[in-house]
Each structure stands twice: as structure tokens, then as C-alpha cells.
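Take a moment with the model before reading on. The text below walks from the overall fold to single residues.

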Amino acid sequence: MNSIKAIKKLSEEELRLGITEEASWHNRYKHSAYIHIGGLNFDMNEGDIVQVFSQCGEIVDCNLIRDKQTGRSKGFAFLAYEDQRSTVLAVDNLNGISLCGRTIKVDHCDNYRAGQGGKLYVPSGPDGKGWGNFTKLTDQTLDEHNNKT
């Protein structure tokens with residue numbers, strides 16, 4: 001909890017003083033479009049995380065860390081934005097919020113790179129189990145749906 005408060009205090013102080021982007025503590029991480037999200041509710045999945053964090057920008061990778069044996073979330077994730085400046089928005093605005101009953105920590109990643117956790121994020125349904133191409137609506141799928149109802 002102390003690191004959440006420290007990040008918030010640092011960002012608020014920069015805002016109060018009118019610190020420029022180049023002089024900001026965020027500038028140290030300008031080489032990385034990844035953030036670390038900690039303290040997540042264990043029932044959240046990749047889609048939930050993307051839904052919340054897409055408020056700050058276009059997401060290109062989401063790696064929710066899971067237990068290798070059970071597949072259950074470990075409560076933290078790494079997320080990458082298309083535009084690195086979105087990481088500043090996420091850290092400043094989402095760090096310390098209450099999400100699904102838990103206070104989350106959002107911070108920059110210094111050395112995380114795509115592929116460390118496996119593959120790049122591809123929307124695939126709840127808990128990564130997959131639903132196929134569920135976002136595509138064709139005449140055939142529409143007819144099948146209408147015939148079922």
C-alpha cells in the first residue's frame with residue numbers, strides 16, 4: 001500500500017508544480033509501453049482487464065499471470081499499449097483505484113518485453129478458453145441464431 005501512495009503522491013506533486021513531460025519521473029520509462037498491474041481480483045480475466053485499461057489507450061498485449069497447474073489467476077498482469085504515453089495515463093489515473101473489491105497497483109515496467117509470458121494477447125473469450133471468432137457476424141451465424149430463438 002505504501003508504494004501505491006508514493007506513486008500517487010509523486011504524480012500529484014508533479015501536477016502541482018507543473019513539471020514538464022521531459023522532467024517527469026514517467027520519462028524514465030519512455031522506452032517501455034508495458035505496465036504492471038497488481039492486486040487484481042482472482043476472478044478477473046484478460047477481457048475484464050482490457051475493458052478497464054482500454055480507457056487509457058489501445059492495448060496490444062495483455063498477459064494475466066496464471067498458475068501453471070490450475071490455470072487460476074495469480075492476481076497480477078502485464079499490459080502493453082500501442083502508444084507509450086498511455087502508460088502515463090494508466091499509472092496516474094488507475095493506480096490505487098478499487099476494482100472488483102480490491103485496491104490495485106499500477107506502475108511502469110522497466111524491462112518486461114513481449115513474449116516473456118508466452119504470446120501476444122488475442123481476445124479469445126472468458127479466461128482464455130476461446131470462443132472462436134465470436135466477434136464476427138455473418139449472414140449464416142445470424143440465420144443460425146434466429147432459427148434457435
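What follows covers the chain, its sheet, its helices, its cores and a few local details.

This is a predicted model, in which local features need pLDDT of at least 70 and side-chain atom pairs count only at pLDDT 80 or more, while totals for chains, interfaces and linings use all residues. Residues are numbered from 1 along each chain as its sequence is written, and side-chain values use heavy atoms, with hydrogens and water left out.

Start with the whole chain. It holds four helices and six strands. Both are DSSP runs numbered from the N terminus: H or I over at least four residues for helices, E over at least two for strands. Along the sequence the pattern reads α-β-α-β-β-α-β-β-β-α. Of the 149 residues, 35% are buried. Here buried means under 20% relative accessible area, exposed means over 50%, and partly exposed lies in between, with a 1.4 Å probe and protein chains only. The accessible surface of the chain is about 9600 Å², and carbon and sulfur atoms own 50% of that. Such areas come from the Shrake-Rupley method with a 1.4 Å probe; for residues, only the protein chains shown count as cover. A contact means heavy atoms within 4.5 Å. Among contacts with a separation of 6 or more, 64% link residues 24 or more positions apart.

Now the sheet. Strands of a sheet pair through backbone hydrogen bonds, either parallel or antiparallel. In this model, four strands form an open sheet in the order β2-β3-β1-β6, with antiparallel pairing. Two strands count as paired if DSSP finds at least two bridges between them. β2 and β6 (105-108) are the edge strands, each pairing on one side only. From one strand to the next, the twist averages 20 degrees.

Go through the pairs. β2 and β3 run antiparallel and are joined by six bridges. In that pair, D61 has A80 of β3 as its bridge partner, and R66 stands opposite S73 in β3. The two strands form a hairpin with six residues between them, and G71 in the turn has a positive phi of about 80 degrees. Next, five bridges join β1 to β3, again antiparallel. I35 is partnered with L79 there, and G38 stands opposite F76 in β3. Finally, β1 and β6 pair over four bridges in the antiparallel sense. On that side, G38 stands opposite K105 in β6.

Which of these strands are covered? β3 is mostly covered, with seven of its nine residues buried. In β1, four of the five residues are buried, so this strand is largely enclosed by the rest of the structure.

α3 lies across β1, β3 and β6, and runs at about 150 degrees to β6. Axes are lines fitted to C-alpha atoms, for helices over the stretch in contact, and angles run from 0 to 180 degrees between N-to-C directions.

Next, the interior. A nonpolar core is a set of buried Ala, Val, Leu, Ile, Met, Phe, Trp, Tyr and Cys residues joined through side-chain atoms within 4.5 Å. The largest one has 24 residues, and those with the most contacts inside it are I35, I37, L40, I49, F53, L79 and V106. β1 (34-38), α2 (46-53), β2 (59-66), β3 (73-81) and α3 (85-94) each supply at least two residues of this core. α2 gives the largest share, four residues. A second, separate core has six residues, including I65, A80, C109 and Y112.

I35 shows how the pieces meet. Beyond its neighbours within four places in sequence, I35 is in contact with residues that include F53, L79, A90, V91, V106 and C109.

Two loop residues close the tour. N45 sits in the loop between β1 and α2. N45 counts as buried because its relative accessibility is 12%. Its side chain reaches the backbone nitrogen of G47 at 2.9 Å. C100 lies in the loop between β4 (98-99) and β5 (102-103). C100 has phi near 55 degrees, a positive value in a residue other than glycine. With a relative accessible area of 47%, C100 is partly exposed.

How values were computed: A polar contact is a pair of N or O atoms within 3.5 Å; within protein, one must be able to donate a hydrogen and the other to accept it, and residues adjacent in sequence count only if both atoms are side-chain atoms.
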